Amino acid sequence: MNATLVTEAGDVRWLRSDVALAAAARRQAGQLARSICLSEERVARVELCVTEMATNLLKHAEDGALALRVVRSRDRAAVECLSVDSGPGIDDIQGALRDGTSGSGSLGIGLGAIARLADAFGVHSLRGRGTVVLARFWAGGPAPDPDPVEAGGLTRPISGEQVCGDTWAVRTAAGDSSDALLLLMCDGLGHGPLAARVGDLARAAFRDSRGTEPAAVLQDVHDALRGSRGAAVAIALVDLARHRVELCGVGNITALVAGRDSRNGLLSMPGIVGSHLPRLRTFDAVLPPGTALVMHSDGLSDRWKPADFPGLLAFDPSLVAAQILNQAAVRRDDAGIVVAVHRQP
C-alpha cells in the first residue's frame, strides 16, 4: 500500500528585523494567503496579525526575524507565521494575552487578539533568551484534529543565501494510518543551490520509497543521490503502537528523544549518503507520551538540553522546532530541524 505524505519542508521567507519589516511582512503574508485561496477577509486577518508581530519585534526585541511559509498537512494547506527573537523575553505571558495589551506604537490588537484571529496560536518565551510566536491560518475550513503524534520542522539558510541545503519530510509508513510515521532529516553537503538540489532529490526519494523500515528508505535515498555532492541523512520510524522510535542515519545528523528534563541520543554512522554508504545499522529508543523525537543538522549545536526549554514540548511541533533552532543555531551554516511530538492521551 502506498504511503501518504504528511508534511514536508517548503520555501520559508525569512525577513530580518528592520524598519521595513512590517510592510514587507504584510505584503508577503498576503501573497501567501492568496496563493492558497484564502478569502479576502481571511487575508486581511493574516496581514493584520503579521503586522502586529513585526511591530512587536521592532519595538521590543533585541534582534529577531519573521518566518513566513505555506505549510501542508496531508491534503490541507495553511499560512504559518513565526516570530523569532533573541530576547529579552516576556515575563508575564498571560498578561500579554489580555485584551488591550500591545506594544507601544503597534496596531493595538495585542497577542490575545492574534490568538483569536488565528486557527492555531502559541507563544513560548525564555527570560533573557528569546520568544517564539506562532500563528497559523488554514484554508478550507477549521483546523484539522490533532493526531497522537504531530510533526513539523523548520529550515533557515546560511546568511547570504536564498535557498537552504537542509530539508525534512514526514510520511506514513503505509497507507493513511498515523500509527507509524517515517521522518527524514537531510543536510545536503555545502550551501546554496547545489546543496538545495540534493535536498530536493532526497525528499523526492523519501516520498517515493516503498520502504517501511528506516534502513530500506535510507538505501533508496542513497541510490537517488548517486552522482550528486551527497548528504548527511537520517530516517526515523515512529511506531505509536509500541511507543518506540527506530533510526538509521549516515553522517552528522543529531537525533534524540527529548523529555521534560531528559534526552536519549540515537546514533548515526559515519559516511556520505550518495557516495560512501557504510553497513547500515538501526538504533531504537522508547518514545513515551509527553516526549518528542528531535532530529537536526549540524547547523544547530548538539549541546542544548531539554531542561533549558521548560514547557516547550506542550506546544505545536513547528513552534518547538523554531524555539530550538532559535536557541541552538549558533554556527554560520544552513540549519534544519524536524520534530515529532507524542502527545499525552
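The legends below describe close-up views of a predicted model.

**View 1. Helices α1 and α2 cross at roughly 150°.**
Helix α1 covers residues 21-35, and its axis comes within 8 Å of the axis of α2. The two helices are therefore roughly antiparallel to each other, since angles over 145 degrees count as such. Their crossing is right-handed. On the α1 side, the contact is made by Leu21, Ala22, Ala25, Arg26, Ala29, Gly30, Ala33 and Arg34. On the α2 side, the residues are Glu40, Val43, Val46, Glu47, Val50, Thr51, Ala54, Thr55, Leu57 and Leu58. Sorted by class, this contact has 11 nonpolar, 3 polar and 4 charged residues.

**View 2. Helices α2 and α4 come within 10 Å of each other, axis to axis.**
Helix α2 spans residues 40-60 and helix α4 spans residues 110-117. Their axes cross at roughly 150°, and the pair is therefore roughly antiparallel. The crossing of α2 and α4 is left-handed. From α2, the contact takes in Arg42, Arg45, Leu48, Cys49, Glu52, Met53 and Asn56. From α4 come Gly110, Leu111, Ile114 and Leu117. These residues divide into 6 nonpolar, 2 polar and 3 charged.

**View 3. Threonine 131 lies in strand β6.**
The strand runs over residues 130-138. Threonine 131 has a relative accessibility of 3% and so counts as buried, the cut-off being under 20%. Its side chain is joined to that of serine 125 by a polar contact of 2.6 Å. Leaving aside neighbours within four places in sequence, threonine 131 is in contact with Ser83, Val84, Asp85, Gly89, Ile90, Val123, His124, Ser125, Gln323 and Asn326.

**View 4. Proline 142 sits in the loop between β6 and β7.**
Strand β7 is made up of residues 149-156. With a relative accessible area of 66%, proline 142 is exposed, because that value is over 50%. Alanine 120 is 22 residues away from proline 142 in sequence, and their C-alpha atoms are 9.8 Å apart in space.

**View 5. Histidine 342 belongs to strand β16.**
This strand consists of residues 335-342. Histidine 342 is at 5% relative accessibility and therefore counts as buried. Apart from neighbours within four places in sequence, histidine 342 is in contact with Pro148, Val149, Leu240, His243, Leu287, Pro288, Pro289, Gly290 and Thr291.

Note on methods: Residues are numbered from 1 along each chain as its sequence is written. This is a predicted model: local features need pLDDT of at least 70, side-chain atom pairs count only at pLDDT 80 or more; totals for chains, interfaces and linings use all residues. Side-chain values use heavy atoms; hydrogens and water are left out. Axes are lines fitted to C-alpha atoms, for helices over the stretch in contact, and angles run from 0 to 180 degrees between N-to-C directions. Helices (H or I, at least four residues) and strands (E, at least two) are DSSP runs, numbered from the N terminus. Angles under 35 degrees count as roughly parallel, over 145 as roughly antiparallel, 65 to 115 as roughly perpendicular and the rest as oblique. A crossing is left-handed if the near helix is turned anticlockwise from the far one by less than a right angle, and right-handed if clockwise. Contact means heavy atoms within 4.5 Å. Ala, Val, Leu, Ile, Met, Phe, Trp, Tyr, Cys and Pro count as nonpolar, Asp, Glu, Lys and Arg as charged, and the others, Gly among them, as polar. Buried means under 20% relative accessible area, exposed over 50%, partly exposed in between (1.4 Å probe, protein chains only). A polar contact is a pair of N or O atoms within 3.5 Å; within protein, one must be able to donate a hydrogen and the other to accept it, and residues adjacent in sequence count only if both atoms are side-chain atoms.
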